[in-house]
Amino acid sequence: MIDIDVTSSTPIYAQIIRGMKEGILKGIFEPGEKLPSVRDMAKMMTLNPNTVQKAYKELEREKVVVTVRGRGTFISEEYKPRKDEHKLSEVKETFKKGIIEAFYMGFSKEELIDLVKNLLEEMEGLGRND
Amino acid sequence: MGLQTLPFNKTLFKKDWKMTKWLCFVAAGILFFTMTLGVINTYNNYQRTLKEVEEHPERFSDFDAEVHKDYIKESLMRMFKRLTGMEPVVIIFMPMAAAALLFGEEKRKKTLEVLSTMPFTRREIFFNKVIVACVNVFLPFLINAVIMLAALGLSKGLRNFYSAGMVMSWLGADVFRLFVVLSFSLLFASITGTSISHLVLTIIFFIFPIGFAGLLDMNMSLWGYHTSVIDTFLNTFGTYTMPGLLDGIENIPIVFHLISAIVMIIAAKLLFDRNKLERSGETLEFESIETFFKVGVTVCTSLLIGVIFTWLIGGIIFFSGDVPRIVTIVGYIIGILIGWFIASYSIKLNRVKA
Amino acid sequence: MIKVEGLDKYLGGDKILDDINIHVKKGSIYGLIGPNGAGKTTLIKNLVDIYEPDKGEVIIRGENIKDNTKIKSRLGYVSDFQYLYPSFKVREIVKFYKEAYPFWNEDRYNQLTKLLKLDGNKKIKYLSKGMKTQLAVLLTLSIMPNVLILDEPTSGLDPVVKRKVLNLIVDEVSVSETTVLISSHNLGELEQICDHIGIIHEGKILLEDSIENLKSNVRKIQVAFKGELPDDIKKNEHILKIESIGRIHQIVVKDNLEIVMEEIKKHNPILLETIDMSLEEIFVYKMGGEGYGFADIAL
């Protein structure tokens with residue numbers, strides 16, 4: 001359900017939070033849907049229940065989920081993930097890879113900024129032609 | 001709530017009983033077939049003999065029924081008063097086996113470790129084992145006594161041969177002997193770490209006073225000293241030793257043995273409290289007695305091999321006079337080496353690795 | 001919940017445990033990690049009153065464990081080898097536990113046995129290792145423990161059974177807030193269920209911390225400068241290690257990430273980011289800094 005890399009230096013609770021948010025984004029979890037209980041989640045994924053509890057509390061604080069006493073934890077109806085937020089981070093990753101490659105090739109910071117500027121101008125030119 | 005302060009614990013009792021009950025049944029069976037069955041058939045056998053005499057008088061010249069009856073009565077009397085047949089074997093080995101199963105085996109199989117993490121105190125564990133051991137060794141005798149008494153109640157004819165009093169005093173005497181041997185075994189259970197060393201040490205020390213005196217006597221005569229001191233010693237104090245228990249009950253200093261048995265049980269309890277579970281499986285529970293053990297085994301082996309070696313050489317080679325002293329000394333040295341090796345090896349063999 | 005202070009233990013003249021200090025909080029799962037022969041089993045046997053410490057004491061739920069039946073009645077212990085009475089039948093062992101522990105929960109037991117197909121008439125000695133471990137875990141969970149101590153419960157089990165056993169423990173913690181101490185020679189087996197970790201090596205506790213703290217106090221930074229790596233960064237005391245590939249440098253920082261980041265920013269880096277590292281890597285650096293090679297710990 002959620003990919004957890006236990007060996008990663010990212011704390012497991014943070015991975016759960018990220019995983020849940022991604023799940024909502026991808027439509028795996030619908031708003032109003034009931035989440036598995038802490039106990040079931042811990043068992044399903046063989047995780048420390050305290051860790052799962054911590055992730056759920058954090059998600060609740062961020063208003064991603066709501067807990068109804070005696071009924072369980074649900075995906076909040078109000079939570080509207082900003083789709084662009086997710087997309088943005090992907091774009092950032094792509095840029096980062098390009099920048100690192102560029103450094104290997106010996107580009108300086110200024111040269112890089114010039115390169116981006118040139119690219120942007122080219123694009124604008126294309127736009128105007130339309 | 002008052003009961004809880006007593007160390008008796010039903011759960012522990014049941015568990016220990018489950019582990020050892022077979023021993024009780026085996027002993028009861030042995031006693032039944034080697035003694036009780038004969039006793040309760042006495043009257044039948046007597047009747048059969050009478051019948052046979054009637055049918056074939058030619059086979060029995062001057063048979064006197066009364067004399068025969070007295071003869072049977074006397075041999076039954078002897079049976080109840082002296083240890084006969086398998087009885088001494090059961091009296092010696094039954095308590096040793098019970099103590100070995102209850103202590104040595106639990107140490108060897110490390111079940112005592114798990115037991116000590118359970119909600120039982122050390123006192124409870126020890127106390128219930130002693131109770132189970134008592135039940136285990138007394139019960140076979142009690143069962144057989146009850147059978148003999150019941151037979152007496154059912155058959156009038158039997159009453160001509162033995163009485164309830166005889167059965168009861170037989171039971172009493174044997175329970176006393178069992179109790180003393182059991183205390184002795186429990187003492188060794190508390191200083192050994194595994195069932196095999198427990199059995200070996202108990203048996204060695206059981207025969208030690210007589211065996212060692214005998215060894216001394218033989219060695220002294222090898223060197224040409226003939227003295228009656230040891231003989232006198234054994235005649236005077238023999239009944240105060242463990243093998244002395246096998247004598248007729250009227251010759252045994254009962255009070256002495258009872259007191260020493262109680263002292264041994266108390267010592268066993270105190271030593272058990274000092275048992276360290278990390279030494280479970282070791283030959284000896286206490287490191288401090290390892291040297292004593294090695295020296296003891298070495299001295300005894302040396303004395304024994306010295307005698308055997310002298311005899312052996314004396315048998316093979318012809319000497320004009322006595323076997324030369326040097327042969328005996330060589331025997332001692334071989335004995336020292338063998339004894340030290342055996343003792344060290346047995347300690348090393350069972351040494352628990354950290 | 002479990003507190004060990006200044007514990008020494010000698011076995012056969014050798015000092016097996018040296019000044020051990022351990023603190024396990026209520027409701028946490030504590031992983032005791034160390035290579036074979038590090039003293040894990042000896043320590044655990046001291047915790048459950050099989051061995052008696054030569055120095056120091058073991059406090060569980062505020063009381064010394066020594067001969068303490070009150071604490072032991074709710075102390076669950078699963079040993080490395082399952083020393084259950086081999087000649088007993090399964091149902092006889094169950095009966096023994098049931099009578100021995102005052103808080104035994106029959107419903108719980110019945111519920112747990114549904115997970116495990118056990119023949120009650122089978123003798124303990126004929127059970128496989130996995131079966132014995134599962135039976136031991138099951139018995140120990142049915143006594144309603146509030147402290148659970150398990151000595152390498154997963155070693156020698158196949159992955160399916162291993163997961164089953166770990167899940168039983170995880171479930172126990174979520175339901176009853178049981179405090180758990182579990183040992184293993186393999187960090188990977190435990191890191192997903194533990195929240196605290198103690199590393200034991202040659203009879204000493206080298207490190208005791210929450211996994212979260214560990215993950216946050218050793219960090220790796222990736223950095224690039226226009227020129228060479230500045231000298232005062234090379235000499236920074238908070239840096240454990242620097243690895244360079246061309247102009248990209250990977251820097252491992254202990255404890256003071258912010259200070260190092262500030263320091264780097266002063267030199268106008270063209271790239272500065274923190275990157276992921278595995279828990280195993282963290283241990284390597286952490287121990288490496290304290291004079292232990294990775295191979296020694298064999299996580």
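A nonpolar core is a set of buried Ala, Val, Leu, Ile, Met, Phe, Trp, Tyr and Cys residues joined through C-beta atoms within 7 Å. The legends below describe a predicted model.

**Figure 1. The largest nonpolar core holds 97 residues.** The residues with the most contacts inside this core are A:Val52, C:Ile2, C:Ile149, C:Val180, C:Leu181 and C:Ile193. Helix α5 of chain C, residues 129-142, contributes six residues, the most that any element gives to this core. In soluble globular proteins, nonpolar side chains tend to be buried together.

**Figure 2. C:Leu181 and its partners in contact.** Leaving aside residues up to four places away in sequence, C:Leu181 touches C:Ile2, C:Val24, C:Tyr30, C:Leu32 and C:Ile149. Of these partners, C:Ile2 and C:Ile149 are also listed, like C:Leu181, with the most contacts inside the largest core.

**Figure 3. Helices α4 and α7 of chain B pack against each other.** Two packed helices are described by the angle between their axes and the distance between the axes. Here α4(B), residues 87-108, and α7(B), residues 164-191, meet at an angle of about 40°, and their axes are 8 Å apart. The crossing of α4(B) and α7(B) is right-handed. Sorted by class, the contact comprises twelve nonpolar, two polar and two charged residues.

**Figure 4. The contact between chains B and C.** Chain B supplies 20 residues and chain C supplies 26 residues. On the side of chain B, the elements that give two or more residues are α1 (10-40) and α5 (111-117). The largest share of that side, five residues, belongs to α5(B). By class, the side of chain B has seven nonpolar, five polar and eight charged residues. Of the two pairs of chains that touch, chains A and C have the most contacts. Chains A and B do not touch, and 26 Å separate their nearest C-alpha atoms.

**Figure 5. The two assigned domains of chain B and their contact.** The domain assignment places residues 2-193 + 218-282 in domain 1 and residues 286-354 in domain 2. The C-alpha centres of these two domains of chain B are 34 Å apart. At their contact, nine residues of domain 1 meet ten residues of domain 2. Helix α8 of chain B, residues 195-222, provides the largest share of the domain 1 side, with three residues. That side divides into three nonpolar, three polar and three charged residues.

**Figure 6. The helices of chain B.** Chain B contains twelve helices and zero strands. Its C-alpha trace spans about 80 × 70 × 35 Å along the principal axes. Of the 354 residues in chain B, 34% are buried. Among its contacts between residues at least 6 apart in sequence, 83% join residues at least 24 apart.

**Figure 7. The two assigned domains of chain A.** Domain 1 of chain A covers residues 12-75, and domain 2 covers residues 83-129. The centres of these domains of chain A, taken over C-alpha atoms, are separated by 36 Å.

Note on methods: Residues are numbered from 1 along each chain as its sequence is written. Chains are lettered from A and ligands numbered from 1 in the order in which they are written. Two residues are in contact if their C-beta atoms, placed from the backbone, lie within 7 Å. Helices (H or I, at least four residues) and strands (E, at least two) are DSSP runs, numbered from the N terminus. Ala, Val, Leu, Ile, Met, Phe, Trp, Tyr, Cys and Pro count as nonpolar, Asp, Glu, Lys and Arg as charged, and the others, Gly among them, as polar. A residue is buried if 20 or more other C-beta atoms lie within 10 Å of its own, exposed if 12 or fewer, and partly exposed in between; C-beta atoms are placed from the backbone. Axes are lines fitted to C-alpha atoms, for helices over the stretch in contact, and angles run from 0 to 180 degrees between N-to-C directions. A crossing is left-handed if the near helix is turned anticlockwise from the far one by less than a right angle, and right-handed if clockwise. Domain bounds come from an automatic or database domain assignment.
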